[in-house]
There are 2 protein chains.
Amino acid sequence: MVALPPDAALTDVGTADAVLDRTFAALAHPVRRAILGRLARGDSASVSELAEPFDVSLMAISKHVAVMEEAGLLAKQKDGRIQRCTLQPESLHRAAGWIEAHRRYWEAQLDALSHFLADPASTPPPEDSR
Amino acid sequence: MVALPPDAALTDVGTADAVLDRTFAALAHPVRRAILGRLARGDSASVSELAEPFDVSLMAISKHVAVMEEAGLLAKQKDGRIQRCTLQPESLHRAAGWIEAHRRYWEAQLDALSHFLADPASTPPPEDSR
DNA sequence: CAAATACTAAACCAATACGTTTAGTATATG
DNA sequence: CATATACTAAACGTATTGGTTTAGTATTTG
């Protein structure tokens, strides 16, 4: 079993992290998210199969795949003349980890926000005024 | 209490979503993640306060703040001459939701991946060959 | 009122992102 | 062998990003 350091994403919160940069950037494009969604539920697929639902060129999809590969979100495995793309979830796991690591903080903020949204004219959420 | 549709992020997985685009894009920059981290644990802060730890211009930080504001990650509230920046967690919540919605799928893939990584020369994860 | 403070607007620049087309490589098939 | 298939490389155009500087607007403060 692959030993994922259980709190890898939690230890260096706030530190520069090029992998996380690339992962979030990769997730920022709807076509790439759609491709990841398809891979998540449909197992592996060739680049052409991934391209089929979209009305952009195959080359464009090939580049999207390359972006996700560099972000560690998927891996290509050459099988004859086709490239089989497989989800590689660790990067996604780390991205989720970053958000998770902040969740308890911004959930507190969510409460404060709800009060503020309920009555914007009122005193904004009672925080320490510095 | 603000009624967040409990599964807003889960219903339209795979659909184009400009907010999600902007949210993930905003999270892709280390300075912006650091700012969000600071806001998450330190409550609200002015733009100047947010800028202080970084050695880029105040203007650069002002733009980063604008990016996060457009992504719905934070809100600015004018208080005299200062702009108080407050975390606005719903966008982050939606980003987490997208990942969560896929988690059960790619966790299955994680198992397959671990076998593959353990012995890359072996037959790749036993999936349906199409 | 004058000067300092906290920003933002505008113009600019270099680098990257996203798409195209055209051409090329490698593999499979008739 | 010839052709089709599955991709990738290279070059290109345009838009966006991330940073700068310079100048401006509000708002405090001396």
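Student: What makes β1(A) and strand β3 of chain A a pair?

Tutor: In this predicted model, two bridges join β1(A) to β3(A), residues 82–87, and the strands run antiparallel. Two strands pair if at least two bridges are found between them, so β1(A) and β3(A) count as paired.

Student: Which residue in the turn between β2(A) and β3(A) has a positive phi?

Tutor: That residue is A:G80, with a phi of about 70°. The two strands form a hairpin with two residues between them.

Student: Why are β1 and β2 of chain A called edge strands?

Tutor: The open sheet has three strands in the order β1-β3-β2. Both β1 (45–46) and β2 (74–79) of chain A pair on one side only, which is what marks them as edge strands.

Student: Which helix lies across the strands of this sheet in chain A?

Tutor: Helix α3 of chain A, residues 30–42, lies across β1, β2 and β3, running at about 85° to β3(A).

Student: Why is α3(B) described as roughly perpendicular to α5(B)?

Tutor: The axes of α3 (residues 30–42) and α5 (residues 58–70) of chain B come within 10 Å and cross at roughly 75°. Angles of 65 to 115 degrees count as roughly perpendicular, and therefore α3(B) and α5(B) are given that description.

Student: Which residues make the contact between α3(B) and α5(B)?

Tutor: From α3(B) come B:V31, B:R32 and B:I35, while α5(B) brings B:H64, B:V67 and B:M68. By class, the contact has four nonpolar, one polar and one charged residues.

Student: What makes B:S57 count among the residues around DNA strand D?

Tutor: A residue is near a strand if its C-beta atom, placed from the backbone, lies within 6 Å of it. There are 22 residues around DNA strand D, and B:S57 is one of those that come nearest, along with A:V47, A:S48, B:A60 and B:G80.

Student: Which element gives the most to the surface near DNA strand D?

Tutor: It is α5(B), with five residues. In chain A, α4 (47–51), α5 (58–70) and β3 each supply at least two residues. By class, this surface has ten nonpolar, eight polar and four charged residues.

Note on methods: Residues are numbered from 1 along each chain as its sequence is written. Chains are lettered from A and ligands numbered from 1 in the order in which they are written. This is a predicted model: local features need pLDDT of at least 70, side-chain atom pairs count only at pLDDT 80 or more; totals for chains, interfaces and linings use all residues. Axes are lines fitted to C-alpha atoms, for helices over the stretch in contact, and angles run from 0 to 180 degrees between N-to-C directions. Helices (H or I, at least four residues) and strands (E, at least two) are DSSP runs, numbered from the N terminus. Angles under 35 degrees count as roughly parallel, over 145 as roughly antiparallel, 65 to 115 as roughly perpendicular and the rest as oblique. Two residues are in contact if their C-beta atoms, placed from the backbone, lie within 7 Å. Ala, Val, Leu, Ile, Met, Phe, Trp, Tyr, Cys and Pro count as nonpolar, Asp, Glu, Lys and Arg as charged, and the others, Gly among them, as polar.
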